Amino acid sequence: MIIRKPKGRVANKRKYESLLDLPDDLWENILMRLAAIERLTIAQQVCTTWRRVLKEPTMWHVIDMSNVRGLPDSKVVQHVCREGVDRSQGELVDIRIDFFATKELLVYVANRSPKLKRLCIAWCKEKMAPEDLVGVVKKLPLLEELSLTNTDITPKGIEDLGLSCPRLKSFELNNICCSVKPGNQRNVEALAISKRLPALSHLHLIRNSMTNVGLEAILDGCPNLESLDIRGCFNVSLDKILSSRISKQIKDVKYPRDSLAGL
């Protein structure tokens with residue numbers, strides 16, 4: 001008996017059908033490797049299997065919208081972000097929004113994400129009043145990590161953060177576009193942190209204006225710090241005593257003159 005090999009087109013069709021038969025959890029693993037905007041604008045149009053998998057709330061526990069710079073229509077990006085939040089069905093735990101955050105979008109996220117544990121905001125689309133950001137954070141009592149890059153928050157806002165988010169363990173307040181502050185204002189953020197965020201394990205204050213006074217207040221007020229990033233904090237002058245204290249108290253430290261590469 002002669003066994004004929006299937007022709008190329010038939011073989012390819014069978015291979016395609018076998019791929020579609022993969023279990024959903026494997027497809028979830030594969031599709032999660034795509035950026036959120038790619039999942040919502042491209043991947044769900046590929047086939048019914050992908051469209052079905054991408055409707056599962058588990059696909060939207062984490063939403064990373066950090067790779068959208070340069071897209072021409074920010075309203076489309078904001079719509080995509082809202083769609084991801086809706087699909088999470090209240091199970092969103094981690095979201096990052098770069099370049100297009102607005103007050104309205106953040107309120108939308110907060111109102112629909114009671115389990116949110118990590119919020120990262122960078123380079124807002126429009127200047128947002130610090131009190132607006134505080135109003136959003138107050139809706140997130142389970143928040144454990146907050147990262148703000150070139151996003152304003154007042155010292156009072158930091159104090160409110162300590163009251164509203166008792167589980168907060170990681171705080172980043174990074175001023176990539178550094179602004180000069182008068183001498184009596186240089187330590188206001190550091191003093192607020194030391195006063196209201198004593199449970200912090202991780203603190204990033206890149207290009208902050210604080211001096212030794214602010215740094216020493218943080219070391220006194222945040223005894224549980226495991227990592228501290230003070231790159232670009234050139235008003236800090238580390239002598240032997242202060243350097244020794246930092247190295248003994250904190251495991252992972254980035255110092256003022258360490259490289260800012262990668263930011």
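**View 1. Aspartate 229 is tucked away in strand S7.** With 1% relative accessibility, aspartate 229 counts as buried (buried means under 20% relative accessible area, exposed over 50%, and partly exposed in between, using a 1.4 Å probe and protein chains only). Its strand, S7, covers residues 227-229; helices (H or I, at least four residues) and strands (E, at least two) are DSSP runs, numbered from the N terminus. Who touches aspartate 229? Leaving aside neighbours within four places in sequence, aspartate 229 is in contact with Leu203, His204, Leu205, Ile206 and Lys254 (contact means heavy atoms within 4.5 Å). A word on what you're looking at: this is a predicted model, where local features need pLDDT of at least 70 and side-chain atom pairs count only at pLDDT 80 or more, while totals for chains, interfaces and linings use all residues. Residues are numbered from 1 along each chain as its sequence is written, and side-chain values use heavy atoms, with hydrogens and water left out.

**View 2. Isoleucine 250 sits in a loop.** The loop in question runs between helix H11 (240-249) and strand S8 (252-254). Is isoleucine 250 buried or exposed? At 3% relative accessibility, isoleucine 250 counts as buried. Not counting residues up to four places away in sequence, isoleucine 250 touches Leu219, Leu225, Glu226, Ser227 and Leu228. Check out proline 223 too: proline 223 and isoleucine 250 are 27 residues apart in sequence, with 8.9 Å from C-alpha to C-alpha.

View 3. S2 (94-98) is mostly covered, as four of its five residues are buried. Strand S1 (residues 62-65) runs parallel to S2, and four bridges join them (two strands pair if DSSP finds at least two bridges between them). S2 also pairs with strand S3 (residues 118-122), again in the parallel sense, over five bridges. Zoom in on arginine 96 in S2: aspartate 64 is a bridge partner of arginine 96, and so is cysteine 120 in S3. To get from S2 to S3, the chain goes through helix H6 (residues 103-111), making a right-handed β-α-β crossover (right-handed if, with the strands pointing away from the viewer, the path from the first strand over the helix to the second runs clockwise).

**View 4. Helices H5 and H6 lie side by side.** Their axes come within 10 Å and cross at roughly 10°; axes are lines fitted to C-alpha atoms, for helices over the stretch in contact, and angles run from 0 to 180 degrees between N-to-C directions. H5 and H6 are therefore roughly parallel to each other (angles under 35 degrees count as roughly parallel, over 145 as roughly antiparallel, 65 to 115 as roughly perpendicular and the rest as oblique). Where they meet, H5 brings Gln78, Cys81, Arg82, Val85 and Asp86, while H6 brings Glu104, Leu105, Tyr108 and Val109.

View 5. Most residues other than glycine have a negative phi. Glutamine 89 isn't a glycine, but its phi is positive, about 50°. You'll find glutamine 89 in the loop between helix H5 (74-88) and strand S2, and at 57% relative accessibility it counts as exposed. Arginine 207 has a positive phi of about 55°, and it's no glycine either. Look for arginine 207 in the loop between strand S6 (202-204) and helix H10 (212-221). With a relative accessible area of 28%, arginine 207 is partly exposed.
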